Amino acid sequence: MTPVLQVFARAPVPGQCKTRLIPALGSEGAAQLQRRLAHHTLQTACAWRSCHAGTRIELWCTPDAGHPFFADCAAQYAVDLRAQPEGDLGARMWLALVSALRLRQSPVLIGTDCPWLDVAAISRLRLALKQNDCAFIAAEDGGYVAVGLARAVPELFAGVTWGGAQVMAQTRERARKAGASLVETGCLPDLDLPADLHRLRSSQALAHLLPNIAQ
C-alpha cells in the first residue's frame, strides 16, 4: 500500500490559531509560531518521504485551502492540498484517513503542534502498522500527536472528548470494544499552553521555532 502522510494545519491568521498561547505571545506571536511549526512539520514529512519512495504528503487545511500560506507550502514542499471537512476533530481526522484507505493507501496523520515528532518516530509508527490495526504516538497531556491506520476503525474517533486529558484513554477503550489491535509507539510533548514554551526555549535544536517576541 502506498504510504501517505497527512498533515493537519491551521492557517497562521492572528487571533485564529494557537489561541491558548495568545496570553503569552500575543496574537501576532502565536500566528508566527503556527507558521514556523507548520514549516517544521512539513520539513519533517519531506525528510521521511525522501527515505521512502512513492510516499505522498497531503496538507489538510483549515479554515480552507485557499489561504496564500497553503499555496506557498504546496509549491515549496510539493504537497497536495486538501480542505479539512466539517465536523469536530474526530470527524475530520476520520474522513481524511478513510479517504486514503479507500484508495488502498496506508495513512499516517500528524498535526503541527509537536516539533519533537521526527523521522524516526514516524518510522516506528509505520512499522507497527504491519502487525496492528492502528498505531498512535501519545501526547504527554493525554491526547496523541500521530495516528496511523491499517484498516478502517471508525469507532476510534466517535464521541471522544477532544482537547481533554482522556483522549488517548478513550481511544484505547474504543479500540478494545471494536476488537481492533492498537499499539502506542511512543509519547511526546506537544505545544499548546504557555507552560509548554519553556521546553521549546530550552531545546537547542528547536528554540529557533519560537516567535521573535519569545526569544
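Buried means under 20% relative accessible area, exposed over 50%, and partly exposed in between (1.4 Å probe, protein chains only). This is a predicted model, in which local features need pLDDT of at least 70, side-chain atom pairs count only at pLDDT 80 or more, and totals for chains, interfaces and linings use all residues. Residues are numbered from 1 along each chain as its sequence is written, and side-chain values use heavy atoms, with hydrogens and water left out.

**View 1. Ser27 in helix 1.** Ser27 lies in helix 1, residues 22–51 (helices, H or I, of at least four residues and strands, E, of at least two are DSSP runs, numbered from the N terminus). Ser27 is partly exposed, at 29% relative accessibility. Leaving aside residues up to four places away in sequence, Ser27 touches Pro14, Gly15 and Ile22 (contact means heavy atoms within 4.5 Å).

**View 2. The salt bridge of Arg56 and Glu58.** A salt bridge is a side-chain nitrogen of Lys or Arg within 4 Å of a carboxyl oxygen of Asp or Glu. Arg56 and Glu58 form one, at 2.9 Å from N to O. Arg56 is partly exposed at 23%, whereas Glu58 is buried at 4%.

**View 3. The salt bridge of Asp133 and Arg151.** These side chains meet at 3.1 Å, N to O. The pair links distant parts of the chain, 18 residues apart. Asp133 is buried, with 17% relative accessibility, and Arg151 is partly exposed, with 34%.

**View 4. The salt bridge of Glu173 and Arg176.** The closest N and O atoms are 2.5 Å apart. Arg176 is exposed at 55%, while Glu173 is partly exposed at 31%.
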